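Biologist: Please show me the model, and then let me ask how its descriptions are reached.

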Amino acid sequence: MNDTGIIEPIVTFRDRVSNVTKDGRRKWVHASQPKGRFYRYRTYVSLFYLIVFFALPLIKYNGMPFFMLNFPEGKFIVFGNIFWPQDFFIFAVAMITFIVFVALFTVIYGRLFCGWVCPQTVFMEMVFRKIEWWIEGSPAQQKKNSQGKLSSEQMSRKTIKHFVFLVISFLIANTFLAYIISLNGLLKIMHEPIGEHTILLTGLIFFTLLFYAVFAFVRDIICTTVCPYGRLQSVLFDKDTMQISYDYNRGEPRGKFSRAAEREIGDCVDCKKCVQVCPTGIDIRDGIQMECVGCTACIDACNEVMAKIDLPKGLIRYASENEIATKSKFHFNTRMKAYTVLLGVLLVITTLLMVTRKSIDTHITRVAGQLYQEVGKDTLGNLFNAKLLNKTNKEFTVEMKLENVEGEITMVNTNETHMKKEAVNDLTFFIRINRKYIHKRSTDIQVGIYQNGKKVQTVKSVFLGPFI
Ligand code: SF4
Ligand code: SF4
C-alpha cells in the first residue's frame, strides 16, 4: 500500500522493461565503459565491420559498383554480379537461408548477432557512446549533469556532442544512399542543382534525422521495445541455448567482500559493476531477460572484479540454462541438428543458383495472329519475337540454333543480335522447317541461345503447321 492508501502490485524486473520507471517514464541508461577481453574483441569486430560498411560503396569492379542494391530500378549488384528482377527467386532463397542462419544461431548462441554485429549495437556502443564518453565525460558525470542545471561548459559540450552525432548520422545516411544509387549517383546529386533531386534529398534529410534521433535519444528502446528480432527470442530459445548467464549456484547468496574474513557465502560481491556497464540497464543476476542483447559487457565487468579479489573468472559467462542449473556441458540437441541440416541444404541450393545463373535471359513467343507460311514446295515457316536481356556489363553477340529438329533461323534484323551491356534487345526472326519433320498441328521446338559461340540457354516454344 502506498502513501495514498492505494494497493500497488509488487513490481519485479519481469513486469516492465528495464528502461521504463514504475510510473511509465523513460529511465535513461548511463552505461559505463567495460574493460576486458570481450570488449577488446568486439572493438576489433566493429572496426572491421565499420571499414566494410563505409568502404563497400566506394569499391568498383569492371567499371561498376561492387555492391549496390538499387531497389527503385530493381537492379542489384552483389560482389560484382548484376542481379535483375528475373533473378529475384535467388534473392528469395538467399533471404530464407539468411533467416534460417540467424534462427539457428539464435537457438545455439542466443543473441550473438545482436551483441556482435547488429548495426544498432555496433554504431550505438562502438561509435556514438564512445563519442559521448569522450565529449561529455564519464557516465557518473553525465548522470549528474542530467539532474542539475548545466554550466556553460557542460552546455557547449552537449551542443558539440549533438553536432558530431548529426554529422555522423549524415555520413551514415549518405553511405546508405550510395548503396542504393551507387557512389557515382551520389556524386551526381552533389554536383547538380538541388531542384533536380528533391525526392532523394528529402529522403537523405529524413534518414539523417532518423539516425540522429535513434542514436541520440531512442537508443536502447530499439533493442528492448522496437526490434522484432528481440521479441522473437522467447520462441527461439530453449534450455540449451547459449546465452550470457549469471552462475547463481556459484554467486548466491551474494554479499560484500572482505579480505579479513574467510568467505562463507557465494562469489557475487554485489558490487553491481555488471549492472553499471549494461547498455539496456538490466541486472543479469535476475536471470535471462528479453532486454539482454548479449553484448558481453557484464562478463568483462564481473571478470575484472573476480580478478581483483582472486576468485575464478566466469561468474557471468556464455552458458545455457541447463549448464548453469545442472553444472553440465553444452549439449547439441535435436533441434540444433535439424536446423544445421536445413541450413546446409539451403546454402548448397543458394550457391548452385548463384553459380549456374545465366548471363542472358531470353523469352521467345510466336508473333500473335500469324499462322504458318509455305516457303517453296517442302518448307514451312513461322514468325517469332524474342526478348533478350544481357545481365552482364559486357558486350557480346548472340546466335540462335534449333536444337531438337532440323531447320534454320533467319533474323529479320541481324543488328539486334549484338547485345550492349545491361541491354534488352527485341528480335524478330523466322524459323523454317522441312515439312517432313512436321507431323502435327503444334510441334515442340527448342532454341539454343549461344553467346560468343558458347551455349548459355535453351528456350522452348511451339511451331505451328497445317492440320494433319
Ligand atoms: S546483461 Fe550483460 S550481456 Fe546482457 S545486455 Fe546487459 S551487459 Fe550486455
Ligand atoms: S559484477 Fe559480478 S560480483 Fe559484481 S555484482 Fe555483478 S555478478 Fe556480482
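The questions and answers below concern a predicted model.

Biologist: Why is asparagine 452 called exposed?

Modeller: The cut-off of 12 or fewer applies here too. Asparagine 452 has 10 C-beta neighbours inside 10 Å and therefore counts as exposed. Its place is in the loop between strand E15 (442-451) and E16.

Biologist: What is the phi of each of these asparagines?

Modeller: Phi is near 55° at asparagine 62, and near 50° at asparagine 452. Both values are positive, in residues other than glycine. Most residues other than glycine have a negative phi.

Biologist: Which peptide bond is cis, and what is its omega?

Modeller: The bond between glutamate 252 and proline 253 is cis, with omega about -5°. Proline 253 lies in the loop between helix H10 (248-251) and H11. Most peptide bonds are trans.

Biologist: Why are strands E3 and E5 said to stand at the edges?

Modeller: Three strands form an open sheet in the order E3-E4-E5, with antiparallel pairing. Strand E3 (68-70) and strand E5 (81-83) each have a single partner strand, so one side of each is left without a neighbour in the sheet. From one strand to the next, the twist averages 20°.

Biologist: How do you know that E4 and E5 pair?

Modeller: Pairing takes at least two bridges. Strand E4 (residues 75-78) is joined to E5 by three bridges. One of the residue pairs is valine 78 with its bridge partner asparagine 81 in E5.

Biologist: What makes E11 and E13 a pair?

Modeller: Strand E11 (residues 396-402) has two bridges to E13, and the strands run antiparallel. At least two bridges are needed. In E13, methionine 419 is the bridge partner of phenylalanine 396. The open sheet that holds these strands has the order E13-E11-E15-E16. Strand E13 (418-419) and strand E16 (454-464) are its edge strands, each pairing on one side only.

Biologist: Where does helix H4 bend, and which of its residues are buried?

Modeller: Helix H4 (residues 119-136) bends by about 30° at arginine 129. Thr121, Phe123, Met124, Glu125, Phe128 and Glu132 are buried; the term asks for 20 or more other C-beta atoms within 10 Å. The buried residues of H4 pack against helix H3 (112-116), helix H6 (152-191) and helix H7 (198-218).

Biologist: What surrounds ligand 1?

Modeller: There are 14 residues around ligand 1, and the closest are Cys278, Ile284, Cys292, Cys295 and Cys298. The shell holds eleven nonpolar, three polar and no charged residues. Cys counts as nonpolar in this division.

Biologist: How is the shell around ligand 2 made up?

Modeller: That shell has ten nonpolar, one polar and four charged residues. The closest are Cys268, Cys271, Lys273, Cys274 and Cys302. H12 gives the most to the shell, with three residues.

Biologist: Which residues of H1 meet H12?

Modeller: Arg37, Phe38 and Tyr39 in H1 meet Ala297, Ile299 and Asp300 in H12. The axes of the two helices come within 7 Å and cross at roughly 145°.

Notes
Residues are numbered from 1 along each chain as its sequence is written. Chains are lettered from A and ligands numbered from 1 in the order in which they are written. This is a predicted model: local features need pLDDT of at least 70, side-chain atom pairs count only at pLDDT 80 or more; totals for chains, interfaces and linings use all residues. A residue is near a molecule or strand if its C-beta atom, placed from the backbone, lies within 6 Å of it. Helices (H or I, at least four residues) and strands (E, at least two) are DSSP runs, numbered from the N terminus. Axes are lines fitted to C-alpha atoms, for helices over the stretch in contact, and angles run from 0 to 180 degrees between N-to-C directions. The bend at a residue is the angle between axes fitted to the seven residues ending there and the seven starting there. Two residues are in contact if their C-beta atoms, placed from the backbone, lie within 7 Å.
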